[in-house]
Amino acid sequence: MNHRNTAIKRILADVKELQKHPSSRYYAGPLEENMFEWHFTIRGPEDTPFAGGVYHGRILLPAEYPFKPPN
């Protein structure tokens, strides 16, 4: 992993920020084997049909991140 790469530096900063300020409502982080693929979970908001649910998703970051948006 090239720590001088702009995308990698930004991803590592994002990971550090999420670890510094964890939330009980969501979690997000990159896969160990691929920093450009993140998985996340979000808890359903109270007082909605989604309350009590935990929802999972995937975010794919481009090599040009943060200059190009994730998918």
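Pro 66 lies in the segment after strand β3 (54–60), where strands (E, at least two residues) and helices (H or I, at least four) are DSSP runs numbered from the N terminus. A cis peptide bond joins Tyr 65 to Pro 66, with omega at about 10°. Asp 47 is found in the loop between β2 and β3. The phi of Asp 47 is near 60°, a positive value in a residue other than glycine. Most residues other than glycine have a negative phi, and most peptide bonds are trans. Asp 47 counts as exposed because its relative accessibility is 81%; exposed means over 50% relative accessible area, buried under 20%, and partly exposed in between (1.4 Å probe, protein chains only).

The model is predicted: local features need pLDDT of at least 70, side-chain atom pairs count only at pLDDT 80 or more, and totals for chains, interfaces and linings use all residues. Residues are numbered from 1 along each chain as its sequence is written, and side-chain values use heavy atoms, with hydrogens and water left out.

Leu 61 touches Ile 11, Met 35, Phe 36, Trp 38 and Pro 70, not counting residues up to four places away in sequence; contact means heavy atoms within 4.5 Å.

Glu 37 is placed in strand β2 and counts as buried, because its relative accessibility is 14%. The side chain of Glu 37 makes a polar contact with the side chain of His 39 (2.9 Å). A polar contact is a pair of N or O atoms within 3.5 Å; within protein, one must be able to donate a hydrogen and the other to accept it, and residues adjacent in sequence count only if both atoms are side-chain atoms. Leaving aside neighbours within four places in sequence, Glu 37 is also in contact with Gly 29, Pro 30, Leu 31, Arg 58, Ile 59 and Leu 60.
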